[in-house]
Amino acid sequence: MNFDINSTPLDLTGEKYRDVPYEEKERLFNEIKADVRFHDVLYGCYECGVCVAACPSARFYDFSPRVIAQAVAREDVELVYTLMNDSIWDCSQCFSCDRCPRGNSPGGLITLMREVAVKNGLETAKEALEGYGRIIYKIMSTGTQVSPDMLQPNAFPDWGHHVNEIAENLDLWRRALPPETLHTVETGWSVSEKTIIELYLIWHMTGVMDMIKEIDEGLFMILQDVMEERLEDAGYDVLFDE
Amino acid sequence: MPNQDILVIGGGPAGLEAARSIGDLGYKAILIEKRDRLGGTPDEASYAALTPDLRSAEEAMNAMIQAVENNPNVDVRLGTTVVAAEGSVGDFKVTIQNGKGKETLNVGAVIIATGFQHFDPGRETQKYGYYEYEDVITLVDCEKMLKAHRFVRPSDGKKPERVCFIQCVGSRDRRIGNEYCSKVCCGIASKEAIEIRQLVPDCKVFIFYIDMRMYAYWEPDLYWKAQEEHKVNYVKGIATEIVKKGDKLLVKGEDTTLRRPFEIPMDIVILSVGMEPSQGTREMAKIFGLKQNKYQFIEAVGAPMDTVSTSVPGVFAAGACTGPADLEDSISAAGLAAMRAIKAVRENGTKKAS
């Protein structure tokens, strides 16, 4: 709804993000609603708070999955824009909120909102994802998740001084572990050539590469270089025509 | 010979159902109605569609009226009031009055179905300016516009862009003296909100509430339907006052779940007025010497297990004269009152005959 007083919920006051005309906010809102998954993640909200009670993020941040569901259900275009620039990035996407008695999935709704924020290159989305460049690069280039060689002090400053100890003798630590697959510091496990080619194709065909390009041009170019070579070898060179 | 006739007072849903039931079971009912036509409040207040099923009120009430008028066992007296009563179960002498003068009826039992009246929002809630602003209306006024299929701003006939309902007006209020919930207003507001959205699709509709009380099937049929299919905005928080701003009404309140105060300009504000005992209910309680509760409704002394017996044996009460009731309550209680009244006149007859 359009409130005429400039008071905002939670702690969202202040100029943390760029304001845009109402029409632009409405366009973003309509993009969320147009998603084919929209009707599966949001019905209506009677503000019972079950989602907030279950939400781990709500314990640590001024974050409320209820407010997200409520704002979108009420078609409160202004508030949805506010939330898209801040609150949606406090969600850990654990989907504990899927216990909603109305059948809503606030987490699923946040997924859609994040996608719209990323696709439209919102500055706040870029900021929120800044720290994840290394992880995105690892997952998208190797097809596996966080690997031991990422345990570097500069990547995880919040891990404290232990990260220095571990980072120094990483190779040794890893070799001390029995499973064969862990005897590498570059990947979590090995991914077959066929699988990685399929993953590259999926990321191209489903628009993930477009999203990366929108959010981090540098990362996009590095990934493009890595993928191009392997895809060309597999006979998919046409994909990178711009 | 003891009298087995049963007097039914009030020609609304409860009275019609009671009279029909008595007639259907082969007993004689005398139905007294002070207005010159049957149908009660749904007719008098021009209800458009009934809650919860949105069936035409006129059609539904006509079916009830016909069932009574076509019943040879029901004697309908229109434009008639009860002015005095004496006697006891099996032998009541009730004086009625109409244009032709006074008449005393001998009846074995009485069913009171004199219903409710809508709370007058000018009585205690001047903060909403019902008598001050033309565009502040009640559920009843809204119903009249919906019946005419023309929902416009009363002050200038313009198409509204934004309207709101304010719930619990005259209900759940210790200061006013009506501490009870009027039970039907949440459903009626939701029903009217759906109808407004259908009539004026561009118009945004808000419902400001304290608690939404949508029991049983009203939850999916009205509340969820209004919210999910018709995008009616439910905001938990009651407006504290309404002030005029240009040609709009500025509604001030708090959006409690989003933790922010609001001031929203509205074209029309609809007050969800609750129920109070009707004048007829108050008068019948006095004439028959019935115990009333602190809100002046007739007390159903055996409730909750017996919802129709009053403090006077042989006098039963059904519908909203005993407290806020929806149609289902009123119709159900009326059938029960008819059954209890018949039992009373039969038992009494047997006793006296032996």
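Modeller: Let us start with a term. Helices (H or I, at least four residues) and strands (E, at least two) are runs assigned by DSSP and numbered from the N terminus. Please remember too that this is a predicted model.

Colleague: Thanks! How many helices and strands does the secondary structure of chain A come to?

Modeller: Chain A has 14 helices and zero strands. Along its sequence the pattern is simply α-α-α-α-α-α-α-α-α-α-α-α-α-α. Of its 242 residues, 26% count as buried. Among the contacts in chain A with a separation of 6 or more, 67% are between residues 24 or more positions apart.

Colleague: How do I read a pair of helices, and at what angle do helix 5 and helix 7 of chain A cross?

Modeller: The general idea is that two packed helices are described by the angle between their axes and the distance between the axes. Here, helix 5 (residues 65–73) and helix 7 (residues 106–119) of chain A have axes that come within 9 Å and cross at roughly 65°. Helix 5 of chain A is therefore roughly perpendicular to helix 7 of chain A. Their crossing is left-handed.

Colleague: Which residues of helix 5 of chain A meet helix 7 of chain A?

Modeller: Helix 5 of chain A brings A:P65, A:I68, A:A69 and A:V72, and they meet A:P106, A:G107, A:L109 and A:I110 of helix 7 of chain A.

Colleague: Now to strands. In which sense do strand 1 and strand 2 of chain B run?

Modeller: In general, strands of a sheet pair through backbone hydrogen bonds, either parallel or antiparallel. Strand 1 (residues 6–9) and strand 2 of chain B run parallel, joined by four bridges. To find your place in this pairing, look at B:I6, which stands opposite B:A29 in strand 2 of chain B. Strand 2 of chain B also pairs with strand 3 (residues 74–77) of chain B, again over four bridges and in the parallel sense. There, B:L31 stands opposite B:V76.

Colleague: What do strand 1, helix 1 and strand 2 of chain B make together?

Modeller: They make a right-handed β-α-β unit, with helix 1 covering residues 13–24.

Colleague: Which way do the residues of strand 2 of chain B point?

Modeller: The general idea is that in a regular strand the side chains alternate between the two faces of the sheet. In strand 2 (residues 29–32) of chain B, B:A29 and B:L31 point one way, while B:I30 and B:I32 point the other way. All four are buried.

Colleague: What is the order of the open sheet with antiparallel pairing in chain B?

Modeller: This sheet of three strands has the order 13-14-15. Its edge strands are strand 13 (241–245) and strand 15 (260–266) of chain B, each pairing on one side only. On average, neighbouring strands of this sheet are turned by 25° against each other, direction ignored. Strand 14 (residues 248–255) and strand 15 of chain B are joined by seven bridges. Within that pairing, B:E254 stands opposite B:P261.

Colleague: Let us turn to the backbone. Is the peptide bond from B:T51 to B:P52 cis or trans?

Modeller: As background, most residues other than glycine have a negative phi, and most peptide bonds are trans. The bond from B:T51 to B:P52 is cis, with omega near 10°. You can find B:P52 in the loop between helix 2 (40–44) and helix 3 (57–69) of chain B. Another cis bond runs from B:A303 to B:P304, with omega near 5°. B:P304 lies in the loop between helix 7 (279–288) and strand 18 (315–317) of chain B.

Colleague: And phi? Is the phi of A:E47 positive or negative?

Modeller: A:E47 has a positive phi of about 60°, although it is not a glycine. Its loop lies between helix 2 (38–41) and helix 3 (50–54) of chain A. A:E47 counts as partly exposed because it has 19 C-beta neighbours inside 10 Å, and a residue needs 20 or more to be buried. A:E75 also has a positive phi, near 55°. A:E75 sits in the loop between helix 5 and helix 6 (77–84) of chain A. With 16 C-beta neighbours inside 10 Å, A:E75 counts as partly exposed.

How values were computed: Residues are numbered from 1 along each chain as its sequence is written. Chains are lettered from A and ligands numbered from 1 in the order in which they are written. This is a predicted model: local features need pLDDT of at least 70, side-chain atom pairs count only at pLDDT 80 or more; totals for chains, interfaces and linings use all residues. A residue is buried if 20 or more other C-beta atoms lie within 10 Å of its own, exposed if 12 or fewer, and partly exposed in between; C-beta atoms are placed from the backbone. Two strands pair if DSSP finds at least two bridges between them. A crossover is right-handed if, with the strands pointing away from the viewer, the path from the first strand over the helix to the second runs clockwise. Axes are lines fitted to C-alpha atoms, for helices over the stretch in contact, and angles run from 0 to 180 degrees between N-to-C directions. Angles under 35 degrees count as roughly parallel, over 145 as roughly antiparallel, 65 to 115 as roughly perpendicular and the rest as oblique. A crossing is left-handed if the near helix is turned anticlockwise from the far one by less than a right angle, and right-handed if clockwise. Two residues are in contact if their C-beta atoms, placed from the backbone, lie within 7 Å.
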